[in-house]
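Here is a short report on the structure shown below. Please read it with the sequence and the model side by side.

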Amino acid sequence: MSVGLITLIVLGLAVLGFIYGRHRALSAVEGDARHLHSLPSYYGWSVFLFTAVPSLLLMCAWLILQPSIIENRVAALVPEADIAAAGSLNLVMADVRRIAGGIDAMAKEAGLDEAGIDALRADLSDIRGRLAEVGVALGSNVGEPILNAAREFRSLNASMRMAMAVAVIVAAVAGLVFAALRINPALRARNLVEQFVLVLLVSCSMIAVATTVGIIVSLVFESWHFFQLYPAKDFLFSTTWNPKFGGGSSLGIWPLLWGTLYVSFISLIVAAPIGLLAAIYLSEYATPKVRATVKPLLEVLAGIPSIVYGLFALITVGPLLRDWIAVPAGLGDSSSSVMTAGLVMGIMLIPYVSSLSDDIINAVPQAMRDGSFGLGATHSETIKRVVLPAALPGIVGAILLAASRAIGETMIVVMGAGAAAKLSLNPFEAMTTVTVKIVSQLTGDTEFASPETLVAFALGLTLFCFTLALNVLALVIVRKYREQYE
Amino acid sequence: MTDASMHDAAPQNRPASLLTADARTRRRKAAETRFRLMGVAAISVGLLALVFLLTSVLGNGFGAFRQTVVEIPITLDEAVLDKSGTRDLEVMKKVTTIGYGKVIQKALEAELANRGIDTSAVKAKDVMGLMSKEAAADLRNMVLADPSLLGQTITFNAFATSRVDGFFKGRVTMESAKLDSNISPEQLQIAQAMHDAGIIETKWNWGFLTMSDSSELRPETAGLGVAILGSAYMMIIVLVLSLPIGVATSIYLEEMAPKNKWTDLIEVNIANLAAVPSIVYGILALALFINFMGLPQSAPIVGGLVLTLMTLPTIIIATRAALKAVPPSIRDAALGVGASKMQSIFHHVLPLAMPGILTGTILGLARALGESAPLLLIGMVAFVKDFPAAPPQGLMQPATALPVQVYQWTQRSDPAFVERASGAIIVLLVFLLLMNAVAIVLRRRFERRW
């Protein structure tokens, strides 16, 4: 039974429960709702919630836990020799899953029945060939234990699915009966329902916390795996990045960090002055009409997806910089370069700096400006000597937030900065960043056993820590140094 | 007493009149003008960058919506395509695309001879090379779908190859063709003659929006169909999950939660999640949804889940602002006539905050639609040729998404794909524009000022 069907059945039961609960409450008082503690529909809702929520939660938990339970049971069937031959348990299990999928496809397309599947023998029939016919390509021939594991995987999967359907529906019916039997005119149905809803609201707000926990746990856990395979000392202090998928790679983070910081630095050199000056002009000089048109237009820059900037860097800015600056000046002949990515990212960051700075400049009280004007200062002197110092913590915060965006930005650098890990000062050379390498190490067919793949998690952890630190720093600066007026 | 000392300290070169500015005043005024001009310059740079960005991408992309097609009459010869004459599909399927290719070639040669176009400068194979390699397969599918066409003469529209297409769009020239192994200047001359004779023309191409991706060799048949469908699936998942969860979280934090360490923690958390780089969400999805929970790679469900997690902070922040904007008097009035706290929120505050919530949700969806980095990590860069089925099964089948399709096309060597990528950007931007327009209209029409 598919998940969708089970959900439908549960919801159908819940709706029936609602109707029954409401009816039962009303008939208990012979249709006179004044004798009920709560409005009649609350009795219905109490049945609905007790039917639907616990059973659907059970289904979610089941779906999350099922794969790892099956994995463990099946992994026990795989002999040590096969694990050693394939390199790791993960690779064997991937094969098992593929074969199981292939048997399913064979059952569907070639009309193989259960008896036929049981009769499959690895040594007699050409499993690999037959699987290839249904579109499942295997790297090597299938041994009998692996085939058995795949068979077990299939049958476990099917029986667990069935067990889940039964358990969920039983839970729904149990909830329905439990809630329906409790209904009597004195039941505080509204309080019950509201308590229930409150629990739902609280658990929804837990999702935000769970996401953070999930991010940290997955990054730390896989990074820890990585550091068991690859010495942390080399990762943190080596200056060469040269992954080889055969093994013996050097995975030093410095070239990547250097590229990231260089690109971010250039982008801030572009974005900080332009964004700040634009914010000053818009908040101090511009007429309301100009402000009302220009501000949204600048903010369009923030709404454009980064893939568009990436394409812009790739097909326009990169070739332009190469043909007009890099080649004539003899600085290089690569169209993807730190400069390309930095410039384009700078354009993207302009509205981040300008919007935040704009808000902060506007928050400086008018009395301070008036005081300065009264002493005879010109407008620009007022801005430079009074408004900006007052707004400085906020502006620094805005720039730090822009920096954290720059460090985490992916598509622009993937398409504009290049893939060569280098430590060089020449901005017209292709360099690479942390995010580019996360993408390149994790795309394609990946098995999570080699340091070359797992390094991406360590890189992700680095990235996460960097951006988090910048954000916290920005927050602290704003909180600590903000002048409190009024 | 201070008056006297100030007089003494006054500069000696005081100007005779207030009406003529002294050097210092002029300097200060010049500084003022300079500062203003710097502001104007900064804004101009920003706006110019926007214009440059849009024109460069849009200018490149419009070509993708037009496609050069070859239109020739083809006689579907029964003797070649269905030797048995039984119209039995199983038998007819034995004729491969090579067989159909020969039929097309014959028809093309006949048509060219008919129009008096000289093809002696090139080999017969190269004349055929003006047409997409997909043409034979298209014709075969057409015949297999409707065997009654056999024996008739039909007008067949075939895509020209990307080089011929590029020639009529100005991307390929005679000079570049000399260096190109895929096309020769002689072939282009024939194409030009065919164009003059009206056999080749460049038409509006709906296929760009409906066809699926194609292999490296035939950019002319690559379309956005799967990507648009995949993006739509993901947006549905994001909407269905993030709106209720986001609203529930906001209601709890804004209306119910006691002020304590725990709720502070949740608030800090949400603020931080909004600033986490999108690629980190991709790593989370890879580790949690694919490795741990065993969901399939490149499936819209995984993409939808990760985009939901990314969109949640945006929606929560917008919803809380909308709830905050509802004046407390509404709550007080509801409580005053005997509503419970829950009732006052669900019956009064929430409906009043709904326009603001929906606006925030649409803007969050627009963000999610343009996001590509996390999708790269969950395998949506895979080459997907088949359309996913209708939901719910389709949610588990491989698909791709608009921004990822753009990325994928830019990674290919044929310049025709760059044009397609820019065209895909136009489609993406149109969708974003529509969503933003809806959000603005919602805000204008339904937002209440208290």
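## Chain A

In chain A, 76% of the contacts with a separation of 6 or more join residues 24 or more positions apart. The chain is a predicted model, like the rest of the complex. It holds 18 helices and 2 strands. Of its 486 residues, 42% count as buried.

## Confidence

The predictor assigns the complex an ipTM of 0.88 and a pTM of 0.86. Chain B has an average pLDDT of 86, and 96% of its residues score at least 70.

Over residues 1-6 of chain B, pLDDT stays under 50. For that stretch the model has 0 contacts beyond four places in sequence. Where pLDDT is low, the predicted coordinates should not be read in detail.

## The sheet of chain B

Chain B carries an open sheet of 3 strands, in the order S2-S1-S3, with antiparallel pairing. S2 and S3 of chain B are the edge strands, and each pairs on one side only. Neighbouring strands of this sheet are turned against each other by 40 degrees on average, direction ignored.

Strand S1 (residues 66-75) of chain B is joined to strand S3 (residues 200-204) of chain B by 5 bridges, and the two run antiparallel. Here Gln67(B) stands opposite Lys203(B). S1(B) also pairs with strand S2 (residues 153-159) of chain B, over 7 bridges and again in the antiparallel sense. Two residue pairs place this second pairing. Thr75(B) stands opposite Thr153(B) in S2(B). Pro73(B) has Thr155(B) in S2(B) as its bridge partner.

## The interface between the chains

How many residues of each chain are in contact with the other? The contact involves 67 residues of chain B and 65 residues of chain A. On the side of chain B that touches chain A, helix H2 (residues 23-61) of chain B gives the most, with 19 residues. By class, this side of chain B has 48 nonpolar, 15 polar and 4 charged residues.

## A helix crossing between chains

Helix H8 (residues 189-229) of chain A meets helix H12 (residues 225-256) of chain B. Their axes come within 8 Å and cross at roughly 105 degrees. Angles of 65 to 115 degrees count as roughly perpendicular, so H8(A) is roughly perpendicular to H12(B).

From H8(A), the residues in this contact are Leu198(A), Leu200(A), Leu201(A), Val202(A), Cys204(A), Ser205(A), Ile207(A) and Ala208(A). They meet Ile245(B), Ala248(B), Thr249(B), Ile251(B), Tyr252(B), Leu253(B) and Met256(B) in H12(B). By class, the contact of H8(A) with H12(B) has 13 nonpolar and 2 polar residues, and no charged ones.

Lys259(B) sits in the loop between H12 and helix H13 (261-275) of chain B. Is Lys259(B) buried or exposed? Lys259(B) counts as exposed, because it has 7 C-beta neighbours inside 10 Å, and the cut-off for exposed is 12 or fewer.

Lys259(B) and Leu47(B) are 212 residues apart along the chain. Their C-alpha atoms are separated by 44 Å.

Conventions
Residues numbered from 1 in each chain as written. Chains lettered and ligands numbered in written order. Predicted model: local features only at pLDDT ≥ 70, side-chain atom pairs only at ≥ 80, totals over all residues. pLDDT = per-residue confidence, 0-100. Contact = placed C-beta atoms within 7 Å. Pairing = 2+ DSSP bridges. Helix = DSSP H or I, 4+ residues; strand = E, 2+ residues; numbered from the N terminus. Buried ≥ 20, exposed ≤ 12 C-beta atoms within 10 Å, placed from the backbone. Nonpolar A, V, L, I, M, F, W, Y, C, P; charged D, E, K, R; others polar. Axes fitted to C-alpha atoms, helices over the stretch in contact; angles between N-to-C directions. Parallel < 35°, antiparallel > 145°, perpendicular 65-115°, else oblique.
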